[in-house]
Amino acid sequence: METPQQPRWLTDEEMETWHALAGVMVRLPGALDAELQRGAGVSHVEYLVMAMLSQTEGRTLRMSDLAGHTGSSLSRLSHLVKRLEKSEWVRREPDPTDGRYTLAVLTDAGHAKVVESAPGHADAVRRFVFDALTGAQQRQLRDIGRRIWRTVAPDDHCLPPPS
């Protein structure tokens with residue numbers, strides 16, 4: 001009979017680090033969401049979806065790929081895209097190469113909304129994240145974020161390559 005493995009408890013320093021990271025993970029999305037709601041009338045996840053579409057060829061992605069990029073379930077993304085369709089910022093259409101898939105397409109009005117919202121979002125990201133860090137700390141944060149991302153989601157094709 002095998003002896004059960006003992007838990008690998010965090011040290012005091014690791015616990016402080018974890019609390020700082022967990023606090024950022026909990027509070028930063030809400031702060032970005034509040035800024036976008038106030039400045040542009042969209043939620044952070046709505047902006048994220050439209051911004052991702054704006055950066056793709058033809059401003060189009062399969063819904064399943066978009067769900068993966070946003071860390072969302074297909075069902076949840078479908079509800080969000082339905083809201084964006086009501087504002088005429090996104091439309092859905094069948095994938096002409098494979099009818100089993102649905103495409104999300106950023107409309108011209110949606111692209112204009114991203115362009116209008118981007119300066120305020122960039123300012124919020126700068127104020128909440130980059131202004132508090134030195135250049136060296138920003139590079140460290142990037143490298144740390146990539147390492148954690150690779151550990152959490154090693155097969156994630158959304159991870160940007162190292163520069």
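## Annotated region

Over residues 14-150 the chain is 70% helix and 9% strand, with the end C-alpha atoms 20 Å apart. Helices (H or I, at least four residues) and strands (E, at least two) are DSSP runs, numbered from the N terminus. An unreviewed UniProt entry annotates residues 14-150 as "domain: HTH marR-type"; such annotations may be inferred rather than shown by experiment.

The model is predicted, so local features need pLDDT of at least 70 and side-chain atom pairs count only at pLDDT 80 or more, while totals for chains, interfaces and linings use all residues. Residues are numbered from 1 along each chain as its sequence is written, and side-chain values use heavy atoms, with hydrogens and water left out.

## Helices α2 and α4

The axes of α2 (residues 44-54) and α4 (residues 74-86) cross at roughly 85 degrees and come within 11 Å. That makes α2 roughly perpendicular to α4 (65 to 115 degrees). V45, E46, V49 and M50 of α2 make the contact with L77, L80, R83 and L84 of α4 (heavy atoms within 4.5 Å). By class, this contact has six nonpolar, no polar and two charged residues. Ala, Val, Leu, Ile, Met, Phe, Trp, Tyr, Cys and Pro count as nonpolar, Asp, Glu, Lys and Arg as charged, and the others, Gly among them, as polar.

## Largest pocket

The largest pocket has a volume of about 2,200 Å³, the space filled by probe spheres set on its grid points, which are joined across faces, edges and corners. On a 1 Å grid over the protein atoms alone, where a 1.4 Å probe fits, a pocket is an open set with protein on both sides within 12 Å along at least five of seven lines; lining residues have an atom within 4 Å of a point.

Its lining has 37 residues, of which V24, L28, L141, G145 and W149 lie nearest the centre. The elements giving two or more residues to this lining are α1 (12-40), α2, α3 (63-70), α5 (108-128) and α6 (135-152). The lining divides into 25 nonpolar, nine polar and three charged residues.

How values were computed. Axes fitted to C-alpha atoms, helices over the stretch in contact; angles between N-to-C directions. Parallel < 35°, antiparallel > 145°, perpendicular 65-115°, else oblique.
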